[in-house]
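Student: I would like to learn how to read aromatic pairs in a protein. Please take me through a case.

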Amino acid sequence: MKITGYKIKKAVLYLKHYGWKRFWVRVAERLEPDEVQYDPWYQKHKITQEEWNRQREDADNWENRPLFSICVPVYQTPELFLRQMIESLQAQSYTNWQLCLADGSQDDSVERQILTHWQEEKRISYRHLPENLGIAGNTNAALELAAGEWIGLLDHDDTLAPDALYEVLANAGINPAAASKAYAYDDAYWACHRQPDVIYTDEDKVSQDLKKHIKAHWKPDYSPDLLRSNNYITHFFVAKREIVEKAGGFDPAFDGAQDYDFIFRCIQEAHHVGHVPRILYHWRTSEGSTADNPISKQYAFEAGRRAIAENMKRQGIACKVEQTKNLGFYRVIYPVTGTPLVSIIIPNKDEAATLSTCLSSIAKSSYPNLEVIIVENNSTDPETFAYYEKLTGQPYTKDGILEGTFAGTGKIKVVTWAGKFNYSAINNYGARYADGEYLVLLNNDIELRTTDFIEELLGNCQRKDVGITGARLVYDDHTVQHAGIVVGIGGIAGNMFVGLPEERDGYLHRAVIQTNYSAVTAACLMVKRSIFDEVGGLTEELEVAFNDVDFCLKVRKLGYLVVYDPAVLAYHYESKSRGSEDTVEKVQRFEREIAYMKQKWQDIFTYGDPYYNQNLTLTKSNYSLKQNHT
C-alpha cells in the first residue's frame, strides 16, 4: 500500500475524530489482503465487445425504445472529466438517450467545451445558468431539460459502464428476455416480479485517471432498513419520469445529502424498486470527494440524518434518528407504543446453570410487562428439577404446569414437552401457553447484554411492515456468532460475519447497522403473535436444522420484513462447531431437512437471496467476492 502525504493527513484526521482504539481497528482492516483482487476481476467481467454488439443489435430491434434522459449538474468541470463522462454515454449499447447538462459555472469554460467538441452531438441538451444554484438547484435545472420516459442521475466527474442503460431498461421489464440472458431469470421470475419504476445498480470507485477500479459496492435488493441506516443506493439511480415529477425534484435544504432525500421521496412514490446486480456506475475518487475522503464533508452527514427523519415524518412513523460513530451511517430508534405483554419461550433440557444465566440476564430487563415460559424437554438431572422448584415455588411434576413470579413483576411458567427432541414442535408447544401479543423465541444458552432488549425488539416489531426482529449474537470469546442469515450460504443458509471480532464492523459496517435479511436465528428473535399463528408457527418437519430460516421465509412470503437489530446484543454460549451428524438416523434426518428446504423454497435458491448479492461468495460469511464467478 503506497503511503502519500494526503493519506497521512487523512489518518491524522481520523485519529483526532475517533481516537486511538478505532484508529488501530481501521488500520487492521486496511492491512488485511483482499481475498480477490477487484480490479482484475472487473477487467475480466466487464462487458465484452461481442456482448456489446449483441446488446446494440438487440436494443435496436426493441419495439419499445424509451428515451433515457441522463441529468448532470455541472460546475467548473475539468475538460478531461467532462469529456470522459460524455464519452461514456456515447459508448452506450443503448443509443436512445439524452444528456441534460445544467451548468452553474461562473465562466464559459464548460460552454466552450460543448461548442468546440460536441456541437454535433444532438443528444446533448445544454443550459448555462446565470448563477451557481448548488448541486440541488443545478440538478433541478437539468431535470427541466429532460424529455425522457426514464431519468437517471450522473455526477459530472463520474462515468457509466457501456452497458448501463441497456441493463437498466432490460431489468425494468422493457425486454425481460434481455435481462434473463444476463441473470438466469426466466418466465417464472417475471411472472412473480412486478416491473419497477425506480431502479438502482451496483457501483465501484475508480482512480482519478479511470485506470484502476477499486472498492466495489455489491448491493442487496431494496432494503428499507438498510436505506435508513445508510444511503447504500447512491449510484446509478434511475426513475420513471412520473415518479420524479411526483417527488418534486431536489431540495436545497438537504445540500450535501440532496440525493439521499431525493431517493427517499422517489421510493415513497414508487410501486416497485428494482436492482441490477452489476457494476454499471464508476465513481471517480479525488482528495476532496466523499468517494475517497468522507471526512471532507461533515455537514453532509447531518443533512443525511435530517433526510431520514423527514422521510419518516412524511410516512407518519415515529422515531428518533441518530448519527453513529461511522460517518454517513445512522441509527433509527423506534419508540414502543404502550406496554403489550411479551412472552419469552425458552426450550430447556438440563443445564440448570446455563438456564440460570439466561434468566438472570432477562431479569435485568427494563421492560415492565413480560412473562417467561420454559419448555422442559426430557431432562434427567435432579438439579434441573430443583431449579424449576426454586423458580416457581412448586415441586416439579411432568403432568402439571408450574407457575410463579419472575423478577418481581412478570410471570414464569414451566411446561413439559414429553415427546422426542423437535425444536420446532417444542417452541410451538410453548406458544400454546403464551398470553403475549409478541413472542420471543430464546435459546437457554443466551445471555442478554442489554437491559432494553425488549424495547429494541418491540420498537421494530410493532411496525406495520415488520414481522420479525432479530439480534446480534457473539461467542464468549467476543467474536460474532450471528449477524443475520443469508439463504444459500453453505448450501442452504448461514449466519453472517461468523468469527468477526466483536469490535469490528464488517463489510460496509453491515454487522453493526440495522438492516433487512431473509432470516435471523431463532436463538433470539421476536415475532408478532398474530403472524406466528398465521404461518402455523415453526414447521415441525424441520426437527433440528433450518426451522428458523423456514419460519422467517414464511413470514417474508406474507409480505413482512425481517429486521436485524445489532443494538440487541447477547452472548450465545454454543459450540462454534455444529457437531457432526454421526449416526445414520441423524444423517437421514439432516438430508430430509435439506431436501425440504430446497423443494419448498426453490425460487430463492434459483434466483438468489434478495438481501444478498449474486456476485458475492456462498462459501464464506464475510461478504467477499466470488472467486470463481463466471
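Tutor: We will look at the chain, then at its aromatic rings.

Tutor: This is a predicted model, where local features need pLDDT of at least 70, side-chain atom pairs count only at pLDDT 80 or more, and totals for chains, interfaces and linings use all residues. Residues are numbered from 1 along each chain as its sequence is written, and side-chain values use heavy atoms, without hydrogens and water.

Student: How many helices and strands does the protein chain have?

Tutor: Helices (H or I, at least four residues) and strands (E, at least two) are DSSP runs, numbered from the N terminus. The protein chain has 22 helices and 24 strands.

Student: How is a pair of aromatic rings described?

Tutor: By the distance of the centres and the angle of the planes. Rings of Phe, Tyr and Trp (its six-membered ring) pair if their centres lie within 6.5 Å; planes under 30 degrees apart are stacked, over 60 edge-to-face, the rest tilted. The structure holds 25 aromatic pairs. Tyr38 and Trp218 are edge-to-face, because their centres are 6.3 Å apart and their planes at 80°.

Student: Where do Tyr38 and Trp218 lie?

Tutor: Tyr38 lies in helix α3 (residues 38-45) and Trp218 in the loop between β7 (213-217) and α11 (224-229), so the pair ties together parts 180 residues apart in sequence.

Student: Are Tyr38 and Trp218 buried or exposed?

Tutor: Buried means under 20% relative accessible area, exposed over 50%, partly exposed in between (1.4 Å probe, protein chains only). Both Tyr38 and Trp218 are buried. Tyr38, Trp41, Tyr42 and Trp218 form one aromatic cluster.
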